[in-house]
Amino acid sequence: MYGSPGYADLEPVEAYLEVHEILRDRRFIAGRSRPEGREFLGETMVGIDGDRHLVRRRLYAPLMSEENLTRLERELVEPMLAATVGTPSSGSDSSCTTIDLVPLARDLCMRVAAAILGIEGVQSPSGTERLTELLRPIAAGATVEWSPRDHAEVIAEGRAAKAAFVEEFFAPAWERRGRADAEQPDRDLISIMARSREALGGDPDLPVRESILFLAAATGNPVGHLAFAVDDLLAWAETESVSRIPADDDFLRGAINETLRLHITGTPVLVRECTEPVELRSTGRHFDAGALLGLDMVAANRDPDVFGPDADRFDPHRSGRITQRAKSYGVAFGGGPHICLGRALVLGRDSGVQIDGLQFGLLSRLLRQGIHRDPQRSPALAASGQRHYESFPVHLAAESGLSHRPCA
Amino acid sequence: MSAGGHCTVSVNPATCEGTGLCEAVAGALFRLDEDDVARPLVSRVPADLVDLAQEAEQMCPTRSISVEAE
């Protein structure tokens, strides 16, 4: 099922309550996922369970400390947004500018990801472009089980890109940590891994694969969501005849969560193995030991029993109508011990930390700059599927305040 | 705080998502209840468990745990 020969025997789980319960229950493990792409993500934090997973989680937790997140936002995100999107200003029609949201979001996320990893050479347009170019075939290799292309070819391309990533980005950073880097103990992943070789086991390639995981997670999903968030908001304003899209905190965070719920830009089906006979508390559904489950994240996040009969529709005011203690973004960040490590970086204050978060930071600036669709160029979805925009041109017209209407 | 002093610990049930990471890291201090919400097992943390309480606080993805020095 789900178009993957490697997962032909998956038992589908689509109800939100069941997906949420299984993600939290330790009798369901992630260990057997990614059978083909293991040379890219095998044995990384997403694919291990129990005590081994907990060791990694403990090692990497300082990366998402309040101090680290605040530093990233102040020193990296805010200056970059000020330089690319700018700050609100008054002006004439001539101040109308055009930007493409996809490369903008990709550059922003790539630089943040590079800082979290501790690699250099990415703080320039050519550096982010090169890393993006390498990451694409690596990510395709890591998720090859879903690819309609020849799998051996996809893996070979990913392997070549991985070798180039190691040579150009990872190895120089790793070697620097090997010499001495005690001054910034918990600021980046490579420093943490270099100091924790014993805890990570003896596999010399594991730090490379963990780095790939962090890069893919920090760039793929947030970049996809930023374009979808703008698309959802502009479409909502058009449908509801709203002349000014609110940019206040509550509204915008409700809109961001709604986009996260509706657009699963990462793996649409999470695989879990049942390790013993289990009857779910939420619904009474039974699973045998050894059953392989396909948790359908898209279906779960559109479950009408939890999110309402109009669950397929974008509604920034939905949060008050959600039942069953569900979060307004559903299972967008997974759940249980494998919950997304970077959740706070995306959600900001909604995750209890004192930062805006990537999505809010960019969207609030775009709204204040008078964002509207580019009437000449339509957004383009990636050729590989319907879950990513390859291009999303917009106009910014500061003189129009919070309006989403186009430049004159 | 970890240099010998006690601390208090609390969990915000409204934001807790029941990941169970606190229970896994500091099982002597936290337990998930029947609704999968983390509950502190003690209000006053013994000095020898303060480091664990702080680690659980840092690891909580929803920042639902508060550890305060007494």
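Modeller: Start with a facing pair, and keep in mind that this is a predicted model. A:I371 stands opposite A:L396, a residue of strand 11 of chain A.

Biologist: What makes strand 8 and strand 11 of chain A a pair?

Modeller: The rule asks for at least two bridges. Strand 8 and strand 11 (residues 393-396) of chain A have 3 bridges, in the antiparallel sense. Therefore they count as paired.

Biologist: In what order do the strands of that open sheet run?

Modeller: The order is 3-11-8 in chain A, with antiparallel pairing. Strand 3 (97-100) and strand 8 (371-373) of chain A are the edge strands, since each pairs on one side only. From one strand to the next, the twist averages 35°.

Biologist: Which strands does helix 5 of chain A touch when it packs on the sheet?

Modeller: Helix 5 (residues 101-117) of chain A touches strand 3 and strand 11 of chain A. Its direction makes about 60° with that of strand 3 of chain A. Helix 10 (residues 206-239) of chain A lies across strand 8 and strand 11 of chain A, at about 80° to strand 8 of chain A.

Biologist: Another sheet of chain A has 4 strands; in what order do they come?

Modeller: The order is 1-7-4-2, the sheet is open and the pairing is mixed.

Biologist: Why is one side of strand 1 and of strand 2 of chain A left without a neighbour in the sheet?

Modeller: Strand 1 (11-13) and strand 2 (28-29) of chain A stand at the edges, and each has a single partner strand, so one side of each has no neighbour there.

Biologist: How do you know that strand 1 of chain A pairs with strand 7 of chain A?

Modeller: Count the bridges again. The threshold is at least two, and 3 bridges join strand 1 to strand 7 (residues 292-296) of chain A, which run parallel.

Biologist: Why is the meeting of A:R285 and A:E18 called a salt bridge?

Modeller: The cut-off is 4 Å from nitrogen to carboxyl oxygen. The side chains of A:R285 and A:E18 meet at 2.9 Å, N to O. That is within the limit, so the name applies. The pair links distant parts of the chain, 267 residues apart. A:R285 is in the loop between strand 5 (278-279) and strand 6 (286-287) of chain A, and A:E18 is in helix 1 (residues 16-24) of chain A. Over all chains the count comes to 35 salt bridges.

Biologist: How many salt bridges are there between chain A and chain B?

Modeller: The count is 4. In one of these, B:D36 meets A:R24 at 3.3 Å, N to O.

Biologist: Which helix of chain A gives the most to the side that touches chain B?

Modeller: Helix 3 of chain A, with 3 residues. By class, that side has 10 nonpolar, 4 polar and 9 charged residues.

Biologist: How much area do chain A and chain B bury between them?

Modeller: About 1,800 Å², with 45% of it on carbon and sulfur atoms. In chain A, A:R24, A:R58 and A:R325 lose the most area to chain B, together 28% of what that side buries. The contact takes 23 residues from chain A and 22 residues from chain B.

Terms used. Residues numbered from 1 in each chain as written. Chains lettered and ligands numbered in written order. Predicted model: local features only at pLDDT ≥ 70, side-chain atom pairs only at ≥ 80, totals over all residues. Heavy atoms only, no water. Contact = heavy atoms within 4.5 Å. Buried area = accessible area lost by both parts, 1.4 Å probe. Helix = DSSP H or I, 4+ residues; strand = E, 2+ residues; numbered from the N terminus. Nonpolar A, V, L, I, M, F, W, Y, C, P; charged D, E, K, R; others polar. Axes fitted to C-alpha atoms, helices over the stretch in contact; angles between N-to-C directions.
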